[in-house]
Amino acid sequence: MDRNPQNSFQDMILALHDFWSAQGCLILQPYDMRMGAGTFHTATTLRALGPEPWNAAFVQPCRRPTDGRYGENPNRLQHYYQYQVILKPSPPDIQDLYLKSLEVIGIDPLKHDIRFVEDDWESPTLGAWGLGWEVWCDGMEVTQFTYFQQMGGFDCKPVAGELTYGLERLAMYIQGVDNVYDLAFNDRGVSYGDVFLENEKQMSKWNFEVAETGALFDLFNKAEAECRNALANDVPIAAYEQAVEASHIFNLLQARGVISVQERASYMGRVRDLARGSCEAHMAKEAPAWAEKYPEWSK
Amino acid sequence: MSDFLLELRSEEIPARMQAGARAELEKLFRRELDAASVECGEITVWSTPRRLVLIARGLPLATEAVSEELKGPPVGAPDQAIDGFCRKAGVDKGQLETRDVKGRATYFAVKNVPGRATADLLAEAIPAIIRDFSWPKSMRWGAASISTESLRWVRPLSGIVALLGDDVVECEVHGVTSGAVTLGHRFHHSGDITIGNADDYAMKLRAGHVIVDHEERQDLIRSGAAKVASEAGLRLVEDEGLVIENAGLTEWPVPLLGRFEEDFLEVPPETIQLTARVNQKYFVCEDEKGELANAFICTANIEAEDGGARVVDGNRKVLAARLSDARFFWDVDRKKTLAEHAKGLERITFHEKLGAVADKVERVAKLARWLVEEEIVKPNTRHSREGGNPDNGGGTGNSGQLDPRLRGGDGLSRDDLADMAEQAARLAKADLVTEMVGEFPELQGLMGGYYARAEGLPDAVADAIRDHYKPVGQGDDVPTAPVTVAVSLADKLDTLRSFFSIDEKPTGSKDPFALRRAALGVIRIVQDNDLRFGVAQGDLLDFFADRLKVQQREAGVRHDLIDAVFALGGEDDLVRLLARVHALQSFMDSEDGANLLAGYKRAANILKKEDWHGAEGEIARTGEEDPLAIVDDPDLKAVVAAKMEQRHASELSYAAEPAEKALMDALANSEPAASRAIAAEDFSAAMAALAALRAPIDRFFEEVTVNADEENKRAHRLDLLARFRAAVHKVADFSRIEG
């Protein structure tokens, strides 16, 4: 096993931070809410709207309750990390920058087979879509690479490039480890399992068996109502947070298996309405200032 | 003469779009040449993931000057006419020339279109091609995308090489400027490559580790994959789709063979092949016994320094993770019986107005049983098999004396068959709620078959579960094993009846529930197994008729012949209907058929001209558009027959002419003969009987005056023609036949 202590999980993250910071990206911290993907971070969704340049990189913990496996599956987790980079407008050398970032974390493209394989992205919940690829390293998907075309139902003007690295997968690959819990978190003998195994066991149990569903339904309704309250009072960022909250509660209800197939579409529609409504309100609030600063831009 | 090279470089173009893009590039380039009236020699188009290339040979350096003369009005014509001519010709009045035409001074407009440099034409053509290029999906990118008017391309367009001869064709499209410089392989070549002309392009790129010709890459993958397989003592399972896809994903393809743990081979081979192919784009291999081997072949895009050992090892791990999932599903799914899985179908909605899948299963089970009990599907319907069951994927190794229940359903009693059809129908959808089918929906049916066999159900039941979706596409096998036929037919008929009952019919291009495919499936099962029953009524029968028409048309049956048979109406037995169509087709190909048709048309024209409705018309003038419709009205059949007989029997009030008599006699023979043949469903014989009318009808037209002065003669002769027409209509509505 060509395990390299230089490439501990945390060192990998730090290397990415150094690299993207040097490219002029803001290094942000995770959004302090439970969410299913880094794309939900306002630094991605809301910042993808409007004409202002925006370059940021951050780690976002992601919660996917239905992916929990009680710590027994070597690849699947209900909580894991994504590394997000958002570059707006998408620079002409974005692919080269990305490939350099892989070299920084130890992937040599003359030893490993790197491929850009068509994979378009769509999030009906966010009213968003984009074209791009999943990036393969020796047949393994390590990054989702997307040029956002629409967000919240609005054309992205200009288009942002979004890179989403699956950190655990990349680290497993680089460290030559077959089980995520065996990853070296640092180079002093602390493993990923030491940090997260117990969490996975308990959270899987809670997600699937324990969470009180009556309370969850209640939370969903309250988040929905609060989103509307925020919209009515012209605080779209607050409204958007409630949409994110509703989305996660919905995922928990799914994991508890209490949403029937028929109801599922209806719940997804409600979340979508909240997310889109928040994006629309954000757009409406910011558009006049944007139009003034960027005369070539129009909503 | 000069050669032209165009390279459009972009970020990775999806593999599945490259063939279409090559065709589009050539089409648009030809469009531009045609518009400028430029001829060229051979055109070659190539693609890689990062470039689209076109080479056009033998372009002229300039277009020829064209001189055109237009003749106008004579001198002295009204000003209006002269002005109009000038407008049309696009010249001023002062530019007109005067020439003598047959002694008359006449205006001429002479236009000289100067020749243009081909380079200039191309400089305009390239941006037009790029702007008009149609991709299945396209996008905006970069700073320019602050406007939605910015250029759209499949992925960001990054460079244009345009060379006519050795010279750059200078142009610019949304900030991308043409030149002679391109890039080589993403990893094997750094720095620019400067192209000299169309001739050194492929060579220079090859030196930059790019094989621009997609067909060459495909060949490399095909032969390379076969080679690494044979070096490992295996045989490549050929897969042309994968060859093309991998060639679309690589600029320097290197097939590499890897091994996965042998233990994984315990899961069904289709599962392994599917996950390797769909998820990873790997080829698989067979051993000398033709069984799936524990090997995969991936196609790398690099010549790795270590010969690909790391690449193979990485791919092996990814595949192993996928195969562990598959094995996990296989193990978990088999912990429950299919009957237990089937309970989960209550939770799955089939359609909001049609209830759960479990409800559908209940209906299908009853229908499958009914099809057997009514002897529509019979034991051993068509094919008898010798010993064992050749298409039994599980292989129970039967030989010699067999319990028929263990075979494909041949030789079963009707009751056994009914029981098995019902049982198979009840379990056929159970795999939809298994983990494996949840992960790989393409394996629906197939997995059900495996699980059925694993729990020891009879092969006939397992086969029916496996094959009940068939036929899926046009080339797909049609079930013939009785149990499978019953379940497959019941499933499709139920789908059609259910959706028609809630008025969810396909419209135009919309067919969200694939009802057309279901109807075609029913038609093919009925056809191939010779199943005799009324498939449907009302709207649904019309729908079947439409599908049958499309199917027959595609099979090369003339559409007018199909119409001629369908126009008879009311037929719900598809086998009989097709027999009639096919008999008509071969009849119309014969000389008899063609001549009879000519006679028929002549008779029908006279009857139409004389507005003669014949005996039938007199009996019941229903006011319908087609008075002949009553001939097929069962309620009136007896009345018409009696009346006709009376008329035909009644003595003629005059002496019939020989040709008239001959036709009467021929009809007296042919009519009952045709009717008998039709009753016996021997349509060829019915048409042969009609063919006997050919000579008498020809002679009748030659020798007899229909519109005789005497009213009684005229009436009789028109009646005779009406009888002839009615006799022909028993077989098909010849008025629909062209020719």
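Which domains is chain B divided into? The model is predicted. In it, chain B splits into five parts: domain 1 (2-62 + 117-207), domain 2 (71-112), domain 3 (214-333), domain 4 (343-504) and domain 5 (590-736). Chain A divides into domain 1 (9-208) and domain 2 (210-293).

**Domain spacing**

| Domain pair | Separation of C-alpha centres |
|---|---|
| Domain 1 of chain B and domain 4 of chain B | 53 Å |
| Domain 1 of chain A and domain 2 of chain A | 23 Å |

**The domain contact in chain A**

Domain 1 of chain A puts 26 residues into its contact with domain 2 of chain A, which supplies 25 residues. On the domain 1 side, helix 4 (residues 192-210) of chain A gives the most, with four residues. That side of domain 1 of chain A comprises 13 nonpolar, nine polar and four charged residues.

**A three-stranded sheet in chain B**

Chain B holds an open sheet of three strands. The strand order is 4-6-5, and the pairing is antiparallel. Strand 4 (66-74) and strand 5 (97-101) of chain B are the edge strands. Each has a single partner strand, so one side of each lacks a neighbour in the sheet. On average, neighbouring strands of this sheet are turned by 40° against each other, ignoring direction.

Strands of a sheet pair through backbone hydrogen bonds. Here, strand 4 of chain B is joined to strand 6 (residues 104-113) of chain B by seven bridges. These two strands run antiparallel. One of the paired positions is Val66(B), whose bridge partner in strand 6 of chain B is Val113(B).

A helix accompanies the sheet. Helix 2 (residues 79-89) of chain B lies across strand 4 and strand 6 of chain B. Helix 2 runs at about 165° to strand 4 of chain B.

**A helix pair in chain B**

Helix 23 (residues 658-679) and helix 24 (residues 683-691) of chain B have axes that come within 7 Å. The axes cross at roughly 170°. That angle makes helix 23 of chain B roughly antiparallel to helix 24 of chain B.

Which residues make the contact? Helix 23 of chain B contributes Ser670(B), Ala673(B), Ala674(B), Ala677(B) and Ile678(B). Helix 24 of chain B contributes Phe683(B), Ala685(B), Ala686(B), Ala689(B) and Leu690(B). The contact residues divide into nine nonpolar, one polar and no charged.

How values were computed
Residues are numbered from 1 along each chain as its sequence is written. Chains are lettered from A and ligands numbered from 1 in the order in which they are written. This is a predicted model: local features need pLDDT of at least 70, side-chain atom pairs count only at pLDDT 80 or more; totals for chains, interfaces and linings use all residues. Domain bounds come from an automatic or database domain assignment. Two strands pair if DSSP finds at least two bridges between them. Axes are lines fitted to C-alpha atoms, for helices over the stretch in contact, and angles run from 0 to 180 degrees between N-to-C directions. Two residues are in contact if their C-beta atoms, placed from the backbone, lie within 7 Å. Angles under 35 degrees count as roughly parallel, over 145 as roughly antiparallel, 65 to 115 as roughly perpendicular and the rest as oblique. Ala, Val, Leu, Ile, Met, Phe, Trp, Tyr, Cys and Pro count as nonpolar, Asp, Glu, Lys and Arg as charged, and the others, Gly among them, as polar.
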